[in-house]
Amino acid sequence: MLSEKMTKALNEQINKEIYSAYLYLSMSSYSDYQGLKGFANWYFVQQQEEMDHAMRIYNYLQEQNARVLLKMIDQPPADFGSPLEIVQKTLEHEQFVTELVNNLMNLAIEENDHASKIFLQWFISEQIEEESSVNAILDKLKLAGEKGNGLFMIDKELMARVFMPSGQTE
Ligand code: FEO
């Protein structure tokens with residue numbers, strides 16, 4: 001059984017994950033409008049992953065017989081600047097999410113909530129991957145440049161990303 005505090009915190013996290021999906025969908029449409037189809041694809045897949053994260057928490061709350069309470073989703077920005085700026089903003093957002101996940105784990109530890117500790121472990125590992133994949137794009141952009149051939153190659157590479165559902169039984 002989850003504490004009231006943990007139930008509230010996990011519901012908050014559902015909201016943050018859906019906001020992340022909304023933010024990345026906005027980044028996807030922005031990239032598409034700029035003619036960067038690969039970026040648009042990468043952000044669209046990122047949006048799918050965020051919904052997958054939200055559903056993981058949704059399912060966990062239900063498994064624990066806790067109440068899911070959905071809240072209003074904030075409006076995401078619509079303009080994200082240059083390719084380097086949009087990826088920098090992505091990294092900053094993921095660092096923010098990492099902090100949120102760490103806070104949830106701190107709460108689980110504080111409450112001796114072993115089930116939530118195991119559940120949140122997946123998110124801790126996922127955030128390492130998320131930050132690392134965004135950092136890799138950032139490095140490439142810095143190296144290959146934001147224009148011409150370099151950008152064309154990176155955009156092509158980002159086109160290859162496909163959504164892989166994480167599996168809700170882990
Ligand atoms: Fe759900 Fe990108 O963290």
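Tyr-22, Leu-25 and Phe-44 together make a nonpolar surface patch of about 270 Å². Areas come from the Shrake-Rupley method with a 1.4 Å probe.

Tyr-22 belongs to helix 1, a helix being a DSSP run (H or I) of at least four residues, numbered from the N terminus. Tyr-22 counts as partly exposed because its relative accessibility is 43%, and the cut-offs are under 20% for buried, over 50% for exposed and partly exposed in between.

## About the model

This is a predicted model, where local features need pLDDT of at least 70 and side-chain atom pairs count only at pLDDT 80 or more, while totals for chains, interfaces and linings use all residues. Residues are numbered from 1 along each chain, and side-chain values use heavy atoms, leaving out hydrogens and water.

Now for the inside. The largest nonpolar core has 21 residues; such a core is a set of buried Ala, Val, Leu, Ile, Met, Phe, Trp, Tyr and Cys residues joined through side-chain atoms within 4.5 Å.

Skipping neighbours within four places in sequence, Ile-86 is in contact (heavy atoms within 4.5 Å) with Met-27, Tyr-30, Ser-31, Phe-39, Tyr-43 and Phe-80. Apart from this core lies another, of 20 residues, including Ala-54, Val-68, Phe-119 and Leu-120.

## Gln-46, a buried polar residue

Over in helix 2 sits Gln-46, which counts as buried because its relative accessibility is 1%. Its side chain makes polar contacts (N or O atoms within 3.5 Å, one able to donate a hydrogen and the other to accept it) with the side chains of Glu-130, at 3.2 Å, and Arg-161, at 2.9 Å. Beyond four places in sequence, the contacts of Gln-46 also include Tyr-24 and Glu-94.

## Thr-98 in helix 3

Thr-98 is found in helix 3 and is buried too, with a relative accessible area of 16%. A polar contact of 2.6 Å links its side chain to that of Glu-131. Leaving out residues up to four places away in sequence, Thr-98 touches Gln-127 as well as Glu-131.

Definitions and conventions: Buried < 20%, exposed > 50% of the residue type's maximum accessible area, 1.4 Å probe, protein only. Helix = DSSP H or I, 4+ residues; strand = E, 2+ residues; numbered from the N terminus. Patch = residues over 30% accessible without salt bridge, like charges linked within 9 Å, V, L, I, M, F, W, Y side chains within 5 Å. Salt bridge = Lys/Arg side-chain N within 4 Å of Asp/Glu carboxyl O.
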